[in-house]
Amino acid sequence: MGQPEVLRALKATFEAILAPQNLELVDVSFLPSDRGRILEVLIDREGEKLSLDEIAAVSEEISRALDVDDPIEGRYTLEVASAGIERPLTKPSDYVRFQGSQIKVKVVEPIEGRRNFNGAILSSNEDAFVLEVEGEERVEIPYDSVGKARLVVDWDAEFKRASRGRKTG
C-alpha cells in the first residue's frame with residue numbers, strides 16, 4: 001500500500017474510534033523527525049476543549065488499534081494531539097463550521113496571481129469557499145486548490161479578553 005492508501009485506511013480506523021466519543025478526526029499525517037517518522041493524529045470536539053486525560057485515552061485506543069492491524073511499514077512514533085486554537089481546515093464542513101472566522105490559506109496554484117491569502121470566510125458551498133481579503137476584496141477558492149489552511153487567532157484580542165477575566169472579582 002502506498003502512503004495515500006495507508007492514510008485513507010488510518011483515517012477510517014481512527015474515525016471509527018473517535019465517533020462514539022463525539023470526537024472529530026481533523027487530520028492524520030506523517031511528519032519527518034530526526035528520530036524517524038511521526039504519525040501525527042489531530043483531534044477536536046466542537047464547542048468543548050479536550051482534556052489531557054481524554055487525549056491520552058484516545059492515544060491508547062489508537063495505539064491498540066495500530067498494534068492489531070498496523071498498515072504502516074517501518075518505525076514511527078505516534079503523536080495524538082488536540083487540533084488547537086489555530087487548527088487546520090481539512091474538509092468542506094470546516095469552512096461551514098468556521099464561517100466568519102479569520103483564516104490563512106496557501107493555494108497550490110496561484111489565484112489572481114497570489115498563492116497566500118488571509119481573510120474571513122464569507123460563505124462556502126460543496127466546491128469552494130469565498131474569502132473576504134483586506135476588507136473588501138472577495139476571492140473564491142476551490143477546495144481542491146487549497147494546499148494548507150488554518151484558523152488565525154487575534155492574539156492581542158485573546159490576551160485582552162483573558163486579562164479582563166482575571167481583573168473581575
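Which pattern does the protein chain follow when you read along the sequence? The protein chain goes α-β-β-α-β-α-β-β-β-β-β-α, which comes to four helices and eight strands. Helices (H or I, at least four residues) and strands (E, at least two) are DSSP runs, numbered from the N terminus.

A quick word on the ground rules. This is a predicted model, where local features need pLDDT of at least 70 and side-chain atom pairs count only at pLDDT 80 or more, while totals for chains, interfaces and linings use all residues. Residues are numbered from 1 along each chain as its sequence is written, and side-chain values use heavy atoms, with hydrogens and water left out.

**The whole chain**

The C-alpha atoms of the protein chain fill a box of roughly 50 × 50 × 35 Å along the principal axes. Of its 169 residues, 33% count as buried; buried means under 20% relative accessible area, exposed means over 50%, and partly exposed is in between (1.4 Å probe, protein chains only).

**The sheet of three strands**

Let's start with the open sheet in the order β1-β2-β3, where the pairing is mixed. Two strands pair if DSSP finds at least two bridges between them. β1 (24-31) and β3 (76-82) stand at the edges with a single partner strand each, so one side of each has no neighbour in the sheet. Neighbouring strands here are turned by 15° against each other on average, direction ignored. Axes are lines fitted to C-alpha atoms, for helices over the stretch in contact, and angles run from 0 to 180 degrees between N-to-C directions.

Strand β2 (residues 37-44) pairs with β3 in the parallel sense, and Ile43 stands opposite Ser82 in β3. Two helices join in. Helix α2 (residues 52-68) packs on the sheet, touching β2 and β3, and its direction makes about 145° with that of β3. Helix α1 (residues 3-18) lies across β1 and β2, running at about 145° to β1. Contact means heavy atoms within 4.5 Å.

**The sheet of five strands**

The other open sheet has the order β7-β6-β5-β4-β8, with antiparallel pairing. Its edges are β7 and β8 (146-151), each with a single partner strand, so one side of each is left without a neighbour in the sheet. The twist averages 40° from one strand to the next.

Here are some of the strand pairs, with a bridge partner for each.

| Strand pair | Bridges | Bridge partners |
|---|---|---|
| β4 (residues 102-111) and β5 | six bridges | Ile103 and Gly119 |
| β5 (residues 114-124) and β6 | five bridges | Ile121 and Leu131 |
| β6 and β7 (residues 137-142) | six bridges | Ala128 and Pro142 |

A hairpin joins β5 to β6 through three residues. The hairpin of β6 and β7 has three residues between the strands, and Glu134 there takes a positive phi near 55°. Strand β6 (residues 128-133) is largely enclosed by the rest of the structure, because five of its six residues are buried.

Ile85 lies in the loop between β3 and α3 (92-97) and is partly exposed, with a relative accessible area of 47%. Together with Trp155 and Phe159, Ile85 makes a nonpolar surface patch of about 330 Å². Patches are made of residues with over 30% relative accessible area and no salt bridge; like charges are joined within 9 Å, and nonpolar side chains (Val, Leu, Ile, Met, Phe, Trp, Tyr) within 5 Å. A salt bridge is a side-chain nitrogen of Lys or Arg within 4 Å of a carboxyl oxygen of Asp or Glu. Accessible areas come from the Shrake-Rupley method with a 1.4 Å probe, and for residues, only the protein chains shown count as cover.
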